[in-house]
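Here is a friendly walk through one structure, taken a piece at a time. Have the picture open as you read.

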Amino acid sequence: MPGTAHDDDTLARLGVVAELQEALLPTALPVLPRARIAARYLAAGHERSAGGDWFDAIPLDGGRVALVVGDVVGHGVAASAAMGQLRAVLAELLAAEADLGHVLARADAFAARTRALRAATLALAALDPATGTLRYTTCGHPPPLVIGTDGTARYLEATGTGPLGTGTPPVLAAGALAPGELVLLYSDGLIERPNRTLAEGMAELAAAAADATGAAGAAGAAERVCRLAVERLTCAGHADDITALAAQRLAEPVPVLRLELPSERPSLTTARDAFARWLSRLDADDDDAGALHLAMVEVFTNAIEHAYPREAPGTIELDARLGEDGYVECLVTDRGTWRPPDPADADRGHGLMVAGQVVDSLLVRHGAGRRETGVEETVVTLRHRLRRPAILASGLPAAPPARLAGPAFAVDTSMAAGATARALVHGPVDITTADRMARRLLSVSRGGTVPLVADLTGVTQLASAGVQALYAVSEQLAAHGQELTLITAPGSAAHVVLALVQLPCVAWDGR
Amino acid sequence: MAEPSFSVEPRGASMVVSVRGELDITSSPRFDECLSEASGRGDRVVLDMSGVDFMDTTALAVIVGHWKRLVAAGGVFALAGARYRYTKALWITGLADRLPMYDTVDDALAASSEASEPR
């Protein structure tokens, strides 16, 4: 709230809460061929309200997706931790159990058994974007908003049951989204306005959301609704957490890419142009698009150079699709005879390794062709999950308080005897420095090919971006069968956060 | 994809090779020629990568080849301004820790002239 003074203790508590929340909330949303999903989350800056709002977008089988927004009673660390638990339980139930009714009954039972979760509210909507069917429930939570292609907005009827764990089992209702329509789930922070009734708040939200979609059916509507509705309704400040989660049912699914090109160098340019255009239609994040593009170029170039003998060129096929599971699958196929890379050509041959490192998986398969029996073919399959960032923002004051002044960010690296890389990380590891840390760690460990000891005892702050960077580095090392050892000071924030997110670390007691 | 542009300019005792655009196998021959021209004109080469928007391992191979040959002949080879986002291959292969890398061409030139100071 404007004008509220925060003392050091409060800020310290708020900092921990904000970090916990950030670490436990989804930072990425799935990207699907028939639905566009976006989210905005704004944490309240007031100590008494921070913690408790949560959301998730979970892909289900058959291309369906479950959208969830909830509110846990209470504030601070306890609320954030409880929220994290419920989110994890629900995600697991949705993955394991096909019957949505059973999922909700079990989540309700879990909440009833868990003190911090009693009276937690929940709105859940499972969307099948292929058919537009919506199955939803509102447990003590305001109902989802549907915005039509004509710019009108209507609220779904609440299913009338109370919050979780209060003895009223969740009830499911059915709705439908026409192609191009959008469904918005939100927390009550978005409709509770000072000096207005809840009904007035809901009317304001409906108006803001309808305006934001503009020409409904245009790409980016989900993103626009979340961003503009939150901006418009919080411009006068907000006392509570704000969550908005929107999904648009696409009128046209993302198309498949298919090219067959001669195995010569100019084909790479054709393939790159077509692939870049295709990627831009997917609403992929720049990082994901960049990774897929680089991997495709490496694999395609490899085929041009090595698939066929110079005197008997052939063709190379490029196939790409975005699956209902949110994974891009890109296949490069040639019908030449597989030749292992020339060991004398030591400077080349990194291509497939680099490709395999930047995307989630790379598989090479040699054998009989799928279409023509007797013709050998080599298929390299790249798979990469697309994610879009969910925008999380904290209501904390922008100017960092004095307690955060300390050592500047730095990473000192060396190669110890016995070929173990060592890195000493100082200062804050947050969204502005996490990338640099990852690069230094990756580089000193020779791309993950030598074991790495990273001493984090000098780290003054480890935000979620830092945790993600450490995960990425540990995955890179694991891919080469190398060990990552993280050292933290016991009782430090870094130690607590890493223990919470299950990244093993060694406590250094000063000896 | 537009073709990349190259320039080779002397600066002090070094030859600075600037690249703008995207590097892949279609531009390899020109890239290679450019670096050959630079190392033919002097034994200190700085490769300015600040304008590189894309780089794959074929470009990396060209760079590594020239670096090794230059160093074997007693010369100096440095990279300047490589942006991680567009030149990831350098870090993924660990070469960023072996090739001399600097934030700017000026930094690279300064380091090169320091190295040549009489002991």
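Two packed helices are described by the angle between their axes and the distance between the axes. Keep in mind, too, that this is a predicted model.

**Chain A in outline**

Chain A has 511 residues, and 50% of them count as buried. If you take the contacts in chain A between residues at least 6 apart in sequence, 70% of them join residues at least 24 apart.

Let's start with helix H6 (residues 266-280) and helix H7 (residues 286-306) of chain A, which pack at about 155° with their axes 10 Å apart. Angles over 145 degrees count as roughly antiparallel, so H6(A) is roughly antiparallel to H7(A). The crossing of H6(A) past H7(A) is right-handed. Which residues of H6(A) and H7(A) make the contact? From H6(A) come A:Ser267, A:Leu268, A:Ala271, A:Arg272, A:Phe275, A:Ala276 and A:Leu279. H7(A) contributes A:Ala289, A:Leu292, A:His293, A:Met296, A:Val297, A:Phe300, A:Thr301 and A:Ile304. Sorted by type, the residues of this contact between H6(A) and H7(A) are 11 nonpolar, three polar and one charged.

H7(A) has another partner: helix H8 (residues 351-358) of chain A packs with H7(A) at an angle of about 155°, and their axes are 8 Å apart. H7(A) is therefore roughly antiparallel to H8(A). H7(A) passes H8(A) in a left-handed crossing. On the H7(A) side you'll find A:Ala291, A:Leu294, A:Ala295, A:Glu298, A:Val299 and A:Asn302, while H8(A) brings in A:Gly351, A:Leu352, A:Val354, A:Ala355 and A:Val358. The contact of H7(A) with H8(A) splits into eight nonpolar, two polar and one charged.

Now move along to helix H9 (residues 434-444) and helix H10 (residues 464-479) of chain A, whose axes come within 9 Å and cross at roughly 20°. How does H9(A) run relative to H10(A), parallel or antiparallel? Angles under 35 degrees count as roughly parallel, so H9(A) is roughly parallel to H10(A). The crossing of H9(A) past H10(A) is right-handed. Among the residues in this contact are A:Met437, A:Leu441 and A:Leu442 of H9(A), along with A:Gly466, A:Leu470 and A:Gln476 of H10(A). The contact of H9(A) with H10(A) has nine nonpolar residues, two polar and no charged.

| Helix pair | Angle | Axis distance |
|---|---|---|
| H6(A) and H7(A) | about 155° | 10 Å |
| H7(A) and H8(A) | about 155° | 8 Å |
| H9(A) and H10(A) | roughly 20° | within 9 Å |

**A couple of loops**

Most residues other than glycine have a negative phi. A:Asp283 has a phi near 65°, a positive value. You'll find A:Asp283 in the loop between H6 and H7 of chain A. A:Asp283 is partly exposed, because its relative accessible area is 26%.

A:Ala119 also has a positive phi, near 70°. A:Ala119 sits in the loop between helix H3 (100-113) and strand E5 (121-128) of chain A. Its relative accessible area is 27%, so A:Ala119 is partly exposed.

A:Ala120 is in the loop between H3 and E5 of chain A. Is A:Ala120 buried or exposed? A:Ala120 has a relative accessible area of 0%, so it counts as buried. Not counting residues up to four places away in sequence, A:Ala120 touches A:Asp71, A:Val72, A:Leu86, A:Cys139, A:Pro163 and A:Leu164. The C-alpha atoms of A:Ala120 and A:Ala355 are separated by 45 Å; A:Ala355 is one of the H8(A) residues in the contact with H7(A).

**Cysteines, and a stop in chain B**

How many disulfides are there over all chains? The count is zero. A:Cys226 is buried, with a relative accessible area of 0%, and A:Cys330 is buried at 0% as well.

In chain B, B:Ala80 belongs to strand E4 (residues 76-80). B:Ala80 is buried, with a relative accessible area of 1%. Leaving aside neighbours within four places in sequence, B:Ala80 is in contact with residues including B:Val46, B:Met49, B:Tyr102 and B:Ala108. B:Phe31 is 49 residues away from B:Ala80 along the chain, and their C-alpha atoms are separated by 16 Å.

Methods:
Residues numbered from 1 in each chain as written. Chains lettered and ligands numbered in written order. Predicted model: local features only at pLDDT ≥ 70, side-chain atom pairs only at ≥ 80, totals over all residues. Heavy atoms only, no water. Axes fitted to C-alpha atoms, helices over the stretch in contact; angles between N-to-C directions. Helix = DSSP H or I, 4+ residues; strand = E, 2+ residues; numbered from the N terminus. Parallel < 35°, antiparallel > 145°, perpendicular 65-115°, else oblique. Left-handed = near helix turned anticlockwise from the far one by under 90°. Contact = heavy atoms within 4.5 Å. Nonpolar A, V, L, I, M, F, W, Y, C, P; charged D, E, K, R; others polar. Disulfide = S-S within 2.5 Å. Buried < 20%, exposed > 50% of the residue type's maximum accessible area, 1.4 Å probe, protein only.
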